[in-house]
Amino acid sequence: MESTDTQITPMPRIGDKAPEFKAVTTQGEINFPADYKGSWVILFSHPADFTPVCTSEFMTFASQEEKFAKANCKLVGLSVDGLYSHIAWLRTIKEKIEYKGMKDVEVKFPLIEDITMDVAKKYGMIQPGESNTKAVRAVFFIDPKGIIRAIIYYPLSLGRNFDELYRALVAMQTADEFSVATPADWQPGDDVIVPTAGSCGVAKDRMENKSDMTCHDWFFCTKPLPKEKVLDKILKK
Ligand code: BEZ
């Protein structure tokens with residue numbers, strides 16, 4: 001029988017149900033993902049409290065929390081530090097740190113304490129080639145049904161781009177709402193990709209421009225989707 005240390009927990013994948021856990025956070029206990037049913041949630045890890053890249057990330061994410069909330073998305077952070085470290089770090093951020101025009105930043109979303117690394121291991125956030133003792137910068141997008149829809153990992157030295165996380169969130173919701181896909185660098189208001197035609201006739205119509213679609217070839221058709229239509233569906237009033 002393998003020892004616990006060498007047992008391999010499979011990494012969660014896109015399309016899997018988000019692994020369940022209960023945890024203590026800076027906002028009380030949470031039961032994940034059950035407490036978030038009906039909302040999108042971004043579960044993200046950072047390597048350590050009181051470190052510079054992580055501080056810049058928390059200030060940025062906390063400053064954008066309302067923007068994510070308007071897109072029906074809650075934020076949950078995690079590191080393998082303890083609760084008192086989390087509380088002291090977040091208090092320092094609020095009381096002392098001024099960075100890129102951000103100051104007095106209050107982190108209102110829950111930050112999970114995970115000294116045992118139980119949650120981090122369940123989510124494949126401990127990647128020994130990078131660090132045995134710290135979580136990498138993982139980002140899990142989980143939909144209102146508790147399904148993992150996207151996963152992004154960054155190494156310890158690389159701060160995340162929160163505009164890209166927001167873009168990905170809005171793009172996935174747009175794909176769900178309008179049954180389309182979104183091309184490279186898509187932003188609301190840009191053309192979207194229409195699913196490939198099921199029959200030659202439909203493809204021919206598209207190629208002959210008999211609809212609002214533009215076909216670059218039979219397998220690559222786009223159509224306009226106005227920004228207002230996207231935002232109207234996705235953003236809470
Ligand atoms: C940072 O957040 O600055 C950091 C954390 C762990 C390793 C390297 C950098």
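**Figure 1. Two domains of the protein chain in the predicted model.** The C-alpha centres of domain 1 and domain 2 lie 35 Å apart. According to the domain assignment, domain 1 covers residues 4–160, and domain 2 covers residues 179–234. The coordinates shown here and in the following views belong to a predicted model.

**Figure 2. The shell of residues around the ligand.** Seen in this close-up are the residues that surround the ligand: Pro47, Thr51, Pro52, Val53, Cys54, Arg137 and Leu156. By residue class, the shell around the ligand consists of 5 nonpolar residues, 1 polar residue and 1 charged residue. Helix H1, which spans residues 52–63, makes the greatest contribution to this shell, with 3 residues.

**Figure 3. Polar contacts between the protein and oxygen atoms of the ligand.** For Pro52, a backbone N or O atom is found 3.3 Å from an oxygen atom of the ligand. For Cys54, the distance from a backbone N or O atom to an oxygen atom of the ligand is 2.9 Å. Arg137 takes part through its side chain, in which an N or O atom lies 3.1 Å from an oxygen atom of the ligand. The ligand taken alone exposes 260 Å², and the protein buries 78% of that area.

Figure 4. Strand S1 (residues 21–25) pairs with S2 in the antiparallel sense, over 5 bridges. Strand S2 comprises residues 28–32, and the loop between S2 and strand S3 (40–45) contains Pro33.

**Figure 5. The open sheet of strands S8, S10 and S9.** Strands of a sheet pair through backbone hydrogen bonds, in either a parallel or an antiparallel arrangement. The open sheet in this view has 3 strands in the order S8-S10-S9, and the pairing is antiparallel. Strand S8 (192–194) and strand S9 (214–217) are the edge strands, each pairing on one side only. On average, neighbouring strands of this sheet are turned by 35° against each other, direction ignored. Strand S10 comprises residues 220–223, and S8 and S10 are joined in the antiparallel sense over 3 bridges. In this pairing, Val192 has Lys223 of S10 as its bridge partner.

Terms used: Residues numbered from 1 in each chain as written. Predicted model: local features only at pLDDT ≥ 70, side-chain atom pairs only at ≥ 80, totals over all residues. Heavy atoms only, no water. Near = heavy atom within 4 Å. Polar contact = N/O pair within 3.5 Å; in protein donor to acceptor, adjacent residues only side chain to side chain. Areas by Shrake-Rupley, 256 points an atom, 1.4 Å probe, with all protein chains shown as cover. Helix = DSSP H or I, 4+ residues; strand = E, 2+ residues; numbered from the N terminus. Nonpolar A, V, L, I, M, F, W, Y, C, P; charged D, E, K, R; others polar. Domains from an automatic or database assignment. Pairing = 2+ DSSP bridges. Axes fitted to C-alpha atoms, helices over the stretch in contact; angles between N-to-C directions.
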